[in-house]
Amino acid sequence: MAIDVSKIDGYTEMTAEEKVAALEQYEMDLSGYVKKDIADKYASEAADYKRKLKTKMTDEEAAREKEAAERQAMMEELETLKRDKQVSDNISKLLALGYDKEIAEKSASALADGDVGSFFELQGKHQESMVKALKAELMKQMPKPPASDAAHRENFSKMADEALASGNITGAAYYLRLAQEQ
């Protein structure tokens with residue numbers, strides 16, 4: 001702490017010995033100051049309180065961070081469960097529409113992820129499989145054509161000869177054409 005020499009009258013004009021004598025007689029006003037041992041005591045108490053507060057804040061911060069991490073994990077799990085439910089619902093709806101199980105699963109995942117391009121690609125595959133299945137079903141239902149063998153042709157040929165012999169040219173032409181078609 002420096003001494004305020006402006007409070008000593010004529011200090012600037014004094015000689016060095018006079019300045020030393022004036023400074024020795026100068027009394028400082030220490031009423032606003034605290035003794036060193038008391039100041040040290042208060043400083044150590046303040047340091048202890050700071051340390052305790054820091055420890056307490058660290059515990060509270062750790063608890064807050066743990067709670068935030070748990071909340072984040074719960075939110076992620078909730079989002080996963082929502083997506084899984086949406087996929088499951090979509091799969092059941094697509095299977096009800098006649099989708100193949102594999103295509104239904106891929107399509108439901110694409111819908112849940114918002115991947116419209118993949119969904120339409122899978123929709124095209126589904127339509128192709130539906131067309132193939134329909135064609136196969138129609139082929140199963142189609143009646144089998146009668147077997148064509150040489151006996152029927154000979155039969156029509158004989159009938160044509162008989163028609164010619166009786167003078168029925170129209171009938172003969174009809175039977176000849178039937179014989180040639182088979």
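Is S107 buried or exposed? Select S107: at 0% relative accessibility, S107 counts as buried. Buried means under 20% relative accessible area, exposed over 50%, and partly exposed in between, with a 1.4 Å probe and protein chains only.

**Before going on.** This is a predicted model, in which local features need pLDDT of at least 70, side-chain atom pairs count only at pLDDT 80 or more, and totals for chains, interfaces and linings use all residues. Residues are numbered from 1 along each chain as its sequence is written, and side-chain values use heavy atoms, leaving out hydrogens and water.

**Whole chain.** Colour by secondary structure. The protein has six helices and zero strands. Helices (H or I, at least four residues) and strands (E, at least two) are DSSP runs, numbered from the N terminus. Of the 182 residues, 13% are buried. The accessible surface (Shrake-Rupley, 1.4 Å probe, only the protein chains shown counting as cover for residues) is about 15300 Å², with 56% belonging to carbon and sulfur atoms.

**Around S107.** S107 sits in helix α3, residues 101-113. Show its contacts, meaning heavy atoms within 4.5 Å. Beyond its neighbours within four places in sequence, S107 touches L94, Y99, F119 and L122.

**Helix α2.** Select residues 36-96, the 61 residues of α2. Now pick V87, N90, I91 and L94, the buried residues of α2. Their cover includes α3. After α2 comes G98, with a positive phi near 100°.

**Aromatic cluster.** Select F156, Y174 and Y175, which form one aromatic cluster. Rings of Phe, Tyr and Trp (its six-membered ring) pair if their centres lie within 6.5 Å; planes under 30 degrees apart count as stacked, over 60 as edge-to-face and the rest as tilted. By this rule there are three aromatic pairs. One of them is F156 with Y175, stacked at 6.4 Å centre to centre and 20° between the planes. This pair links distant parts of the chain: F156 is in α5 (residues 150-165) and Y175 in α6 (residues 169-181), 19 residues apart. F156 is buried at 17% relative accessible area, while Y175 is partly exposed at 23%. Y174 and Y175 have ring centres 5.4 Å apart and planes at 65°, so this pair is edge-to-face. Y174 is partly exposed, at 44%.

**Last stop.** Select V5, in the segment before α1 (16-25). At 34% relative accessibility, V5 is partly exposed.

Note on methods. The expected span of a helix is 1.5 Å times one less than its number of residues.
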